[in-house]
Amino acid sequence: MTCKEFLALLDDLIDDTVSAETRAELEGHLGRCGHCEVVFNTTRKTIEIYRSHEIYELPTGLRDRLHAAIMARCKKGCS
Amino acid sequence: MAIIQPVAGELEPHPDVALVERVRAGDVAAYDALVRKYERQIFRISQHITQNREDAEDVVQDAFLKAYEKLDQFQGNSKFYTWLVRIAVNESLMRLRKRRTGKMVSIDEDITTDEGSVPRDLADWAPDPEQNYGQAELAEILRKTIQGLPQGFRIVFVLRDVEGLSTEETAETLGLSIPAVKSRLLRARLQLRERLSRYFHRRKTGKGASSKEKSPEETIPAKAGVEKQ
């Protein structure tokens with residue numbers, strides 16, 4: 001397997017959507033190629049960092065304003 | 001595609017189904033529960049698309065109101081959450097169009113770049129590289145980095161990797177084909193990785209440098225400018 005072939009399947013490896021056979025091939029390549037190993041590990045880490053850090057926090061007061069808007073809108077129709 | 005009917009005992013209905021039914025029956029408190037459950041995600045998605053806090057707040061309000069009003073049109077063959085995300089994405093793109101009057105805004109813009117499609121930075125990162133930054137500083141790095149991605153890549157990454165939509169749901173939400181979502185996701189991930197490498201490289205050892213030290217170019221100004229797309 002070449003690095004280009006590895007890269008084409010990188011997402012599938014990260015998302016675990018490969019067959020056991022393909023996974024073995026990809027992992028075999030990882031064991032032999034330090035560059036692809038770095039790309040694989042740091043790409044996985046990139047996703048993990050974005051997933052675990054809330055970079056835009058909900059503004060204070062937004063929930064109350066939204067609740068008030070919904071109540072105003074539903075005055076006509078809901079109980 | 002065949003419609004798979006849920007079989008009793010095999011497939012639990014999504015908890016939102018009951019909440020949606022209660023709202024339809026006139027129980028507005030049930031809608032509050034849905035708001036509380038998804039307001040954070042909807043705000044984040046809107047902020048990632050509009051890149052403007054005021055617009056994002058307006059989008060959250062408009063999207064939840066629109067979903068409330070159109071709940072009767074919600075078919076239930078998709079999840080309430082993905083239906084809501086679709087409304088928020090459309091509202092966000094509309095806001096963006098208003099801000100950039102006369103300029104077309106679509107999720108197809110700026111995706112012709114080849115940047116990052118072939119990894120160039122192959123140096124390894126420090127173990128737990130985020131530990132080298134304070135919370136506020138790290139958040140600023142992450143914001144600045146993702147803001148620099150082309151819009152069409154950023155939306156796919158956010159929906160798929162941050163907010164947990166499947167490839168199929170992302171494709172449906174954005175009106176893209178599944179191969180288009182996959183190709184954008186790979187390039188978004190690789191570009192983000194490349195850009196974060198600037199901050200997260202393993203520090204060079206020697207000269208007594210500790211892993212906590214940062215060189216001047218690795219620190220970022222307190223108020224970093226948003227990269228123009």
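In which loop of chain B is the place of Asp128(B)? It is the loop between α4 and α5 of chain B. Please keep in mind throughout that this is a predicted model.

I start with Asp128(B) for its backbone: phi is positive, about 45°, although the residue is not a glycine. There are 11 other C-beta atoms within 10 Å of Asp128(B), and the residue counts as exposed.

Next, the contact between the chains. Chain A puts in 29 residues and chain B puts in 37. On the chain A side, α2 (10–14), α4 (34–52) and α5 (62–74) each supply at least two residues. The largest share of that side comes from α4(A), with eleven residues. By class, the side of chain A that touches chain B has 16 nonpolar, seven polar and six charged residues.

One residue to look at here is Leu186(B), in helix α8 of chain B. What does Leu186(B) touch, leaving out residues up to four places away in sequence? The partners are Leu10(A) and Asp11(A). Leu186(B) has 22 C-beta neighbours inside 10 Å, so it counts as buried. For a sense of distance within the chain, the C-alpha atoms of Leu186(B) and Arg100(B) are separated by 28 Å, and the two residues are 86 apart along the chain.

Now chain B by itself. The chain is divided into domain 1, residues 15–99, and domain 2, residues 129–218. Taken over C-alpha atoms, the centres of these two domains are 26 Å apart. Nine residues of domain 1 of chain B are in contact with ten residues of domain 2 of chain B. On the domain 1 side, the elements that give two or more residues are α2 (28–50) and α4 (80–99) of chain B. That side divides into four nonpolar residues, four polar and one charged.

Helix α5 of chain B, residues 135–147, has 13 residues. From first C-alpha to last, α5(B) reaches 18 Å, close to the 18 Å expected at 1.5 Å a residue. Which residues of α5(B) are buried? They are Ile141(B), Leu142(B), Thr145(B) and Ile146(B). Viewed down the axis of α5(B), these buried residues fall within an arc of 115°, so they line one face of the helix. As a reminder, an α-helix has 3.6 residues a turn, so residues three or four places apart point the same way. The buried residues of α5(B) pack against α4 of chain A, and also against α6 (151–162) and α8 (178–200) of chain B.

Last, the cores. The largest nonpolar core has 52 residues, and those with the most contacts inside it include Ile42(B), Leu84(B), Val156(B) and Phe157(B). The element that gives the most to this core is α8(B), with nine residues. Both domain 1 and domain 2 of chain B give residues to the core, so it lies between them. Taking Val156(B) as an example, its contacts beyond four places in sequence are Thr170(B), Val181(B), Arg184(B), Leu185(B) and Ala188(B). A second, separate core has five residues, among them Phe6(A), Leu26(A), Val39(A) and Phe40(A).

Definitions and conventions:
Residues numbered from 1 in each chain as written. Chains lettered and ligands numbered in written order. Predicted model: local features only at pLDDT ≥ 70, side-chain atom pairs only at ≥ 80, totals over all residues. Contact = placed C-beta atoms within 7 Å. Helix = DSSP H or I, 4+ residues; strand = E, 2+ residues; numbered from the N terminus. Nonpolar A, V, L, I, M, F, W, Y, C, P; charged D, E, K, R; others polar. Domains from an automatic or database assignment. Expected span 1.5 Å × (residues − 1). Buried ≥ 20, exposed ≤ 12 C-beta atoms within 10 Å, placed from the backbone. Arc of directions from axis to C-beta. Core = buried A, V, L, I, M, F, W, Y, C linked by C-beta atoms within 7 Å.
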